[in-house]
Amino acid sequence: MAIQRINTVCPRNCYSTCSFRVHVEDGRITGYSAQPANRATPEGMCLKGQSYPERVYAADRILYPLKKDAEGLFQRISWPQALREIAGNMSHYRDNFGPHSIFFYASSGSSGLVNDFSMAFWRLFGGATIPYGNLCWPAGLEATRLTLGDNRHNVPWDLENARLIVMWGKNAAETNVQEMLFVRKAQNQGAKLVVIDPRRTLTAEKADLLIQPCPGTDGALALGIARYLIENNLVDHEFISKKVKGYEAFKKSLTQYTPEHVSRLTGVPVNYVMKLAGMIGEIRPMTLIPGYGLQRYTNGGQTIRCLLSLSVITGNIGKPGACWHYANLQSYVFDKIKEPLSYYPNRNDNLFRQSVSKARLGKDLLSQQDPEIKMIWVERGNPVTQNPDTGSVLKAFEKAEFCVVVEQFMTDTAREADIVLPAKSMFEQADLVGSYWNPYIQLRQKVIDPPGEVKPETEIYYLLARELGYSEHELQGILPRDNEALENWLKQQLEKYPELTWDKLAGQPVMAPDTEEIAFADGHFSTASGKIELLSEKIAGLWGVDPLPSFNLPEEVPEKSKYSLYLLTPNTKNRIHSQFGNLRVIKQVDPGPVAGINPEDARRRGIANGDRIRIFNSRGELKVRCHYDYGLLPGCVVMPNGYWISEGGGVNFLSAPRETDMGYGTAFHDNLVEIEKTI
Ligand SMILES: Nc1nc2c(c(=O)[nH]1)N[C@H]1C(S)=C(S)[C@@H](COP(=O)(O)OP(=O)(O)OC[C@H]3O[C@@H](n4cnc5c(=O)[nH]c(N)nc54)[C@H](O)[C@@H]3O)O[C@H]1N2
Ligand SMILES: Nc1nc2c(c(=O)[nH]1)N[C@H]1C(S)=C(S)[C@@H](COP(=O)(O)OP(=O)(O)OC[C@H]3O[C@@H](n4cnc5c(=O)[nH]c(N)nc54)[C@H](O)[C@@H]3O)O[C@H]1N2
Ligand SMILES: [Mo]
């Protein structure tokens, strides 16, 4: 049988959103190859993408509905039994306590338009309690939206045109490997790369300059640079006078940020502050790439505003090679393609008037009254591992009487379920996928039938609705009854855009209609003033922060705490958060849950390289092996997030249930700990 090579896209929550071709023989996935038509990801995918053939057919994949027995062990049950028990419980809770006694939680496990059907089901059911906010990037999104008017940036390949690339708190060599291709091309043409990160990351290995500020102090560093640029007349006066609101007020607010003061606040030596400022002032065009890690602090939104001020006052916006490169939502043309649940609670929507913060998930669930939470439904997420304050999240799951998790693997969250339903993989149902980095709209095609008794969520919801008593007629136009209906619905979505036909998308990714390769090239900013708002009354009104970009220390600082080490929990190359770690391909290369510590901090505590350590604070503890990280800023401990508790991970036992200053984000890194040797 001939190999079919079918165009598809990786739907993981990752900048790259790679295109690739999946090889199918005889109804089975046998391999993959690159799809060079995507100019942002021409060389094919990362190791995780290459592990897909294993992931789909993995021996530990959940293929049947499972029910927890009295001993806590999962037993296979039939679909009719699963649906009957779930529908029975749901009706009972709705009738006796109202639909808001059921909590529906979805997160970022798989992206696409089809995810919206989940909310359609809960709407039909009469509502539910839902989460608001987001674990990932909203502080920076909100900071950028309120300053520039929109979250857009130049196409990834424009990076080649930059002469200075500042990778500020982003570790693209692990979290956006495709971006490094363009970084390398720019460097080959003489561009300089600066990395700003408390860790000497794989990205830093490629840099001309590494600056290591104390965590959470980047805002002060940026303000110090802004002051230097203004004092030394290195700003773009013409751009400022035409396009910027609030420059004079901003300038006045900077007096105290002398290089010496900034050095005291950030720990960065004075000569490095000046060197970085000099580079930003003199090398143009500059693309500034802030990461998402550095906005996961209680001052994260304002930190992003401070960094953005540097692109603004130097006029590095709207030109080739000149760009504020935070998030590019140009391919989110179907507005519903964004994450399924709004970041902003809409308490006027009676059906979903009750919501809990993703950042305070456990705590908020436990304190819900009128009604209390009786049942939890989770899909596309692993909140026990990924949300802050695991202790309270676990308690909330224990307190709920009944829990359903739709999953591919037995994650920490699935273990908390009473019934686990098997989840589809990306190859088993079609969808349309946008990207927050590249400008393409992509079609993920159905290439194989689901294995075992796996059913896509849309089918689960359809069957559950029928079990709850809704007639086929009532469900028409609300939930697709089968694959054909689903694909017809997707085709209908495309009808609005003549350039986006199914057949075209089946062949290759297509750039979103009206993509601006150079974002803001027209000089139009859709803020209230029509200008870039360094001074934003709106931001002050909405979030209660200073209307100017300003610096406040994060909530947890060693001077005010009995714990003295920052726990950084970044993303890492061999996994997407809590996914992929269970696969053999990954296990062969991954060190497992290990904490990196600075040898200076370690020796002071009598900890040798390779020792087991206890990482602890008032919220929890974690015991893992440590390794000496000679490139890590003293005063920091680093352990990637995502390792399951069942494999010895669980960094979120230590993180606090706290929101960021704007956007309802999650301040994971605002987190001090202590360490000691243990056995
Ligand atoms: N391989 C892989 N790729 C991924 C993901 C993954 O899990 N694995 N996840 C995807 C998702 S959802 C996201 S959100 C992105 C995130 O990817 P990135 O934007 O790269 O974010 P993080 O990995 O969280 O953090 C990046 C860096 O910020 C540094 N950092 C932490 N605190 C500070 C600080 O105060 N100041 C400075 N200057 N630096 C700081 C950390 O040390 C880390 O090296 O990656 C996406 N891509
Ligand atoms: N300490 C700390 N914690 C963090 C972070 C941090 O920096 N530090 N980063 C945060 C960030 S940026 C993010 S984005 C979140 C990510 O956290 P989550 O949004 O919870 O995402 P994942 O860990 O990727 O888990 C998603 C789950 O979805 C499942 N899944 C995949 N595809 C499907 C599907 O089609 N259907 C169903 N039903 N399930 C599917 C996967 O098997 C996986 O178990 O983690 C956050 N947690
Ligand atoms: Mo994320």
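1. Two residues are in contact when heavy atoms of theirs lie within 4.5 Å. In this predicted model, Ala512 touches Gln330, Ser331, Val333, Pro439, Tyr440 and Ile441, leaving aside residues up to four places away in sequence.

2. Ala512 sits in the loop between β20 (510-511) and β21 (532-533). Is Ala512 buried or exposed? Its relative accessible area is 3%, and residues under 20% count as buried, so Ala512 is buried.

3. Ala512 and Tyr332 are 180 residues apart along the chain, yet 8.1 Å separates their C-alpha atoms.

4. The protein chain is split into three parts: domain 1 (66-132 + 345-433 + 451-496), domain 2 (138-329 + 527-543) and domain 3 (558-677). The contact between domain 1 and domain 3 draws on 22 residues from domain 1 and 21 residues from domain 3. Taken over C-alpha atoms, the centres of domain 1 and domain 3 are 30 Å apart.

5. About 1800 Å² is buried between domain 1 and domain 3, and carbon and sulfur atoms give 56% of that area.

6. How many salt bridges cross the interface of domain 1 and domain 3? The rule finds 1. Elsewhere in this note's list of pairs, the side chains of Arg360 and Glu659 meet in a salt bridge, at 3.5 Å from N to O. Polar contact across the interface of domain 1 and domain 3 involves 13 residue pairs.

7. On the side of domain 1 that touches domain 3, α15 (383-386), α16 (390-399) and α17 (412-415) each supply at least two residues. The residues of that side divide into 8 nonpolar, 9 polar and 5 charged.

Methods
Residues numbered from 1 in each chain as written. Chains lettered and ligands numbered in written order. Predicted model: local features only at pLDDT ≥ 70, side-chain atom pairs only at ≥ 80, totals over all residues. Heavy atoms only, no water. Domains from an automatic or database assignment. Buried area = accessible area lost by both parts, 1.4 Å probe. Salt bridge = Lys/Arg side-chain N within 4 Å of Asp/Glu carboxyl O. Polar contact = N/O pair within 3.5 Å; in protein donor to acceptor, adjacent residues only side chain to side chain. Helix = DSSP H or I, 4+ residues; strand = E, 2+ residues; numbered from the N terminus. Nonpolar A, V, L, I, M, F, W, Y, C, P; charged D, E, K, R; others polar. Buried < 20%, exposed > 50% of the residue type's maximum accessible area, 1.4 Å probe, protein only.
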